[in-house]
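Hello,

Please find the structure below.

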Amino acid sequence: MTKPLRILQITDTHLHASPDGQLLGLNTLRCLQQVIELASRGPIPDLVVASGDLAHDATASAYRQVRQCFTNLRAPVYCLPGNHDEADMLKTHMRTEPFHTTPLLIHHPWQLLFLDSTVAGKEGGHLSRQQLAAMEDNLGQRTDLHALVFVHHQPVPVGSAWLDTMAIDNPDELFAVIERHSQIRGIVWGHVHQEFDRKRNNLRLLATPSTCLQFMPDSERFSVDTLPPGFRWLELHADGRIETGVERLQKIPGTIDLASRGY
């Protein structure tokens with residue numbers, strides 16, 4: 001590995017069947033197009049992770065628009081479902097090149113693990129016993145590789161009371177696996193529509209802004225922030241270091257209904 005593995009994480013795009021679809025007044029397709037145009041100005045990534053809520057209404061038309069937008073990044077795209085997606089529909093429409101829905105990618109000296117935290121009909125997340133067992137098996141087989149986990153729902157509280165009711169409901173089981181495998185360097189997720197960067201011992205915990213509207217950090221009730229959309233870049237080094245940052249548009253592409261109490 002002569003240079004870092006460069007990853008773009010783009011999340012919570014919330015596209016609709018109609019290109020005119022809006023979320024609290026924002027045209028989500030226009031927002032995504034502008035975020036991808038911003039991301040395209042930087043170095044071409046080795047891969048992109050689209051970490052859930054790609055479609056707001058889980059329609060074939062919405063996933064076709066997702067495909068059209070992400071193709072402009074000229075890199076393989078690894079897709080995870082979110083609570084607004086329909087997991088089988090996402091896998092049907094996002095599994096042909098350059099899109100992938102695999103649970104595992106090895107890019108020496110890194111192993112990337114993609115977990116599906118969705119539960120049909122629920123906003124919160126859960127990690128199945130089968131997924132956790134497969135994760136443990138993959139980690140046990142390749143102890144020589146650094147590892148990074150991607151998932152949609154947050155595995156730790158982010159400080160917003162209403163959002164933290166919709167987190168992974170069995171995080172202790174996930175962290176039990178992690179504690180047995182010291183090569184795991186971090187967990188990266190979407191869902192919370194805000195930037196988050198903490199550490200749990202030596203484990204990096206990262207959340208990424210949405211490509212459309214943002215949620216206000218540390219809020220008791222549903223509240224929308226006025227920060228513009230963005231994406232996260234990560235550079236994974238051969239020694240296990242993670243460099244990362246968030247880039248945002250200069251302004252919100254439209255007007256948000258700040259008085260809304262949900263969607």
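C31 is buried, at 0% relative accessibility. Please keep in mind that this is a predicted model. The sulfur of C31 has its closest cysteine sulfur in C212, at 6.2 Å, which is too far for a bond. A disulfide would need the two sulfur atoms within 2.5 Å. C79 is not in a disulfide either: the nearest cysteine sulfur belongs to C69 and lies 12 Å away. C79 is also buried, with a relative accessible area of 4%. For the structure as a whole, the number of disulfides is zero.

Next, the charged side chains. The count of salt bridges comes to eight. I describe three of these below, each with its distance and with the accessibility of both partners.

E179 and R200
The closest N and O atoms of this salt bridge are 3.6 Å apart. E179 counts as exposed at 61% relative accessibility, while R200 is partly exposed at 34%.

E195 and R248
Here the side chains meet in a salt bridge at 4.0 Å, N to O. This pair, too, links distant parts of the chain, 53 residues apart. E195 sits in the loop between β10 (184-189) and β11, whereas R248 is in strand β16, residues 242-248. Both side chains belong to partly exposed residues: E195 has a relative accessible area of 41%, and R248 has 23%.

R204 and D197
In this salt bridge the closest N and O atoms are 2.9 Å apart. D197 is partly exposed, at 33% relative accessibility.

To recap, the structure holds zero disulfides and eight salt bridges. For C31, the reason is the 6.2 Å to the sulfur of C212, which is too far for a bond.

Regards

Definitions and conventions:
Residues are numbered from 1 along each chain as its sequence is written. This is a predicted model: local features need pLDDT of at least 70, side-chain atom pairs count only at pLDDT 80 or more; totals for chains, interfaces and linings use all residues. Side-chain values use heavy atoms; hydrogens and water are left out. Buried means under 20% relative accessible area, exposed over 50%, partly exposed in between (1.4 Å probe, protein chains only). Helices (H or I, at least four residues) and strands (E, at least two) are DSSP runs, numbered from the N terminus.
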